[in-house]
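Me: I have a protein model to look over. Walk me through its fold and packing.

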Amino acid sequence: MKTKSKKNASHLLPCGRAPIASPTRASDRKTFTQWKAVLDLEIESKGLNKSRPREQILEIIVNQLEHFTVPDLVKAVQKSHPELGAATIYRSIPVLVEAGILLESLSDSSRMAIYEVNSGEHHDHIVCTDCHQIFEFHDERIERAQNELTKKLAFQVISHRHVIYARCDKFSKKA
Ligand SMILES: [Zn+2]
Ligand SMILES: [Zn+2]
């Protein structure tokens, strides 16, 4: 549902629109091998044991998923590795977040956390309430306005999440 398979990225969405290009350039994204090196460092620095399942989970995330919930991940992982239990998959999440590989970037309409691989570039999200797809955007004017506003209110921003829940124009016109 919320999972957008990269393989189907060229297909039209349920609302009939073509996918919107993400502001994070695909060419800049780290490969599984690069992320695995990051994971290995984290494992070493924490004195944890290397685990093959954790690497298999990371590989599925990097190669198949964009914005996903943990149940989405369990489904995707178990398709390729039915021997991996849900508990193992759940336990890998905090390790991957701590390593800076995964970001919890927003929550869906039922408040379930949605994760994505850390692209290293700030972006915000639009969630389509019709087809449940998640789109990324980056708008300098919005970023600037947020900075000016918080400065005026005497805050130093640590981070922000800007999520727009929206109906799709194309979908409503079709209905
Ligand atoms: Zn932003
Ligand atoms: Zn995103």
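What follows is a set of questions and answers on this predicted model.

Me: In what order do the helices and strands of the protein run from the N terminus on?
Reply: The protein has six helices and five strands. Its C-alpha atoms fill a box of roughly 50 × 45 × 30 Å along the principal axes. From the N terminus on, the order is α-α-α-α-β-β-β-β-α-β-α.

Me: Are helix 2 and helix 4 roughly parallel or roughly perpendicular?
Reply: Helix 2 spans residues 52–64 and helix 4 spans residues 86–98. Their axes lie 10 Å apart, at an angle of about 75°. Angles from 65 to 115 degrees count as roughly perpendicular. The two helices are therefore roughly perpendicular.

Me: Which residues of helix 4 make the contact with helix 2?
Reply: The contact residues divide into six nonpolar, two polar and one charged. Helix 2 brings P53, R54, I57 and L58. Helix 4 answers with T88, I89, S92, V95 and L96.

Me: Why do the buried residues of helix 4 line one face?
Reply: The buried residues here are I89, S92 and L96. They pack against helix 2, helix 3 and strand 1. Seen down the helix 4 axis, they line one face because they fall within an arc of 55°.

Me: Which element gives the most residues to the largest nonpolar core?
Reply: This core holds 23 residues. Helices 1, 2, 3 and 4 and strands 2, 3 and 4 each supply at least two. The top contribution is four residues, and it comes from helix 2.

Me: Which two residues touch the most other members of that core?
Reply: L73 touches I61, L65, F68 and I89, leaving out residues up to four places away in sequence. Among the 23 core residues, the two that touch the most other members are I61 and L73.

Note on methods. Residues numbered from 1 in each chain as written. Chains lettered and ligands numbered in written order. Predicted model: local features only at pLDDT ≥ 70, side-chain atom pairs only at ≥ 80, totals over all residues. Axes fitted to C-alpha atoms, helices over the stretch in contact; angles between N-to-C directions. Parallel < 35°, antiparallel > 145°, perpendicular 65-115°, else oblique. Contact = placed C-beta atoms within 7 Å. Nonpolar A, V, L, I, M, F, W, Y, C, P; charged D, E, K, R; others polar. Core = buried A, V, L, I, M, F, W, Y, C linked by C-beta atoms within 7 Å. Buried ≥ 20, exposed ≤ 12 C-beta atoms within 10 Å, placed from the backbone. Arc of directions from axis to C-beta.
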